[in-house]
Amino acid sequence: MDDVVVERVLRAVEQVPRGRVVSYGDLAALVGIGPRQVGSIMKVYGGNVTWWRVTNASGDLPAPLRERARVRWAEEGVLVKPNGLGCRIADYRADLDELAGAYEQAVADLPA
């Protein structure tokens, strides 16, 4: 995996505001890679960033992460959907334009 791409994804995740989430696809569009690449990077390298702010397009999280994420979400005011799989992404999605601006600043020192 390209170290610069990994760093771009991790820095993008860190720009997601407290109490907000984004999808793998949102991050993929921001970084210029595919959503599955984002998922792979998060699986391997995402443990040290705010991983609970990254969901699938439905606002759901993989089963192994749900319980740990619930604690984080509760601290940040994110409510879990009645089905228990995640949050309503329509209610909690970060402002993608603001995220893009923050991301550009966060990666300004990285090679293109």
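User: By class, what makes up the lining of the largest cavity?

Analyst: That lining has 5 nonpolar, 2 polar and 2 charged residues. Ala, Val, Leu, Ile, Met, Phe, Trp, Tyr, Cys and Pro count as nonpolar, Asp, Glu, Lys and Arg as charged, and the others, Gly among them, as polar. The residues lining the largest cavity are Leu61, Arg66, Ala69, Arg70, Trp73, Val80, Gly84, Leu85 and Gly86.

As background, this is a predicted model, where local features need pLDDT of at least 70, side-chain atom pairs count only at pLDDT 80 or more, and totals for chains, interfaces and linings use all residues. Residues are numbered from 1 along each chain as its sequence is written, and side-chain values use heavy atoms, with hydrogens and water left out.

User: What makes a space a cavity rather than a pocket?

Analyst: Whether the probe can escape: on a 1 Å grid over the protein atoms alone, a cavity is a set of points where a 1.4 Å probe fits but cannot get out, while a pocket is an open set with protein on both sides within 12 Å along at least five of seven lines. A residue lines either one if it has an atom within 4 Å of a point. Points are joined across faces, edges and corners, and the volume is the space filled by probe spheres set on them. The count here is 1 cavity of 30 Å³ or more, and the largest cavity holds about 30 Å³.

User: And how big is the largest pocket?

Analyst: About 260 Å³. It has 13 lining residues, with Tyr24, Met42, Lys43, Pro62 and Leu65 the closest to its centre. Helices α3 (35-45) and α4 (63-76) each give at least two residues to that lining. Helices here are DSSP runs (H or I, at least four residues) and strands are too (E, at least two), numbered from the N terminus.

User: Why is Ser40 called partly exposed?

Analyst: Buried means under 20% relative accessible area, exposed over 50%, and partly exposed in between (1.4 Å probe, protein chains only). Ser40 comes in at 35%, so partly exposed it is. Ser40 sits in helix α3.

User: Which residues of α4 are buried, and what do they pack against?

Analyst: Ala69, Trp73 and Glu76 are the buried ones, and they pack against β2 (54-55), with contact meaning heavy atoms within 4.5 Å.

User: Where is the kink in α4 centred?

Analyst: On Ala69, with a bend of about 40°. The bend is the angle between axes fitted to the seven residues ending at a residue and the seven starting there.
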